[in-house]
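Please read the points below alongside the model. They cover strand pairing, pockets, a few single residues and some backbone angles.

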Amino acid sequence: MSQEVALGNVMVDCDDEKKLQKFYGELLGWEMCELYARPAVRSSTGIVFLFIEENDYIPPVWPEKAGSQQKQMHFDFQVENVLEAVKKAETLGAVKASSQFGGDDFVTMFDPAGHPFCLCQK
């Protein structure tokens, strides 16, 4: 039997690593820290997002459009109240996507670096 491999951290490319660290730290209520000489946020259960500034960073387009930078993944965050979470995200610099497909179940947003993420009803 082989040993299970555990997810260690999630590395997020962006144009401003400190700005994105602050955004996710405040949005999620996670500890802002440094790990492997990178700005990071860490949950109380040990989930870590690391942020790395890329000089040639191009934000993804969503919904996807041929010939444009495609999203590779996105986060779905489970929240008690979607509308309250949307308001909080907006005050922190997120933007609500113009195209929405979640009805009352979830709202798609863009973080300050343009990554799509969803705030989903728990």
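1. Val95 has Phe110 of β7 as its bridge partner. Strands β6 and β7 (residues 106-110) run antiparallel and are joined by 2 bridges; strands here are DSSP runs of E with at least two residues, numbered from the N terminus. The model is a predicted one, in which local features need pLDDT of at least 70 and side-chain atom pairs count only at pLDDT 80 or more, while totals for chains, interfaces and linings use all residues. Residues are numbered from 1 along each chain as its sequence is written, and side-chain values use heavy atoms, with hydrogens and water left out.

2. The open sheet has 4 strands in the order β5-β8-β7-β6, with mixed pairing; two strands pair if DSSP finds at least two bridges between them. Its edge strands, β5 and β6 (95-96), each pair on one side only. Strand β5 runs parallel to β8 (residues 116-121), and 5 bridges join them. Within β8, Cys118 stands opposite Asp76.

3. In a regular strand the side chains alternate between the two faces of the sheet. Buried means under 20% relative accessible area, exposed over 50%, and partly exposed in between (1.4 Å probe, protein chains only).

4. The largest pocket holds about 360 Å³ of space. A pocket is an open set of points on a 1 Å grid over the protein atoms alone, where a 1.4 Å probe fits, with protein on both sides within 12 Å along at least five of seven lines; lining residues have an atom within 4 Å of a point. Grid points are joined across faces, edges and corners, and the volume is the space filled by probe spheres set on the points. Of the 17 lining residues, Asp13, Tyr57, Pro60, Gln72 and His115 lie nearest the centre of this pocket. Strand β1 (residues 10-14) gives the most to the lining, with 3 residues. The lining has 8 nonpolar, 5 polar and 4 charged residues, where Ala, Val, Leu, Ile, Met, Phe, Trp, Tyr, Cys and Pro count as nonpolar, Asp, Glu, Lys and Arg as charged, and the others, Gly among them, as polar.

5. The second largest pocket holds about 150 Å³. Among its lining residues are Trp30, Phe49, Phe75 and Phe77. Strands β4 (48-53) and β5 (75-79) are the elements that give two or more residues to this lining. By class it has 8 nonpolar, 3 polar and no charged residues.

6. Glu53 belongs to strand β4. Leaving aside neighbours within four places in sequence, Glu53 is in contact (heavy atoms within 4.5 Å) with Cys14, Asp15, Asp16 and Glu17. Its relative accessibility is 39%, so Glu53 counts as partly exposed.

7. Most residues other than glycine have a negative phi, and most peptide bonds are trans. Tyr36 is exposed at 64% relative accessible area, and Ala37 is exposed at 58%. A cis peptide bond, with omega about -5°, joins Trp62 and Pro63; Pro63 lies in the loop between β4 and β5.
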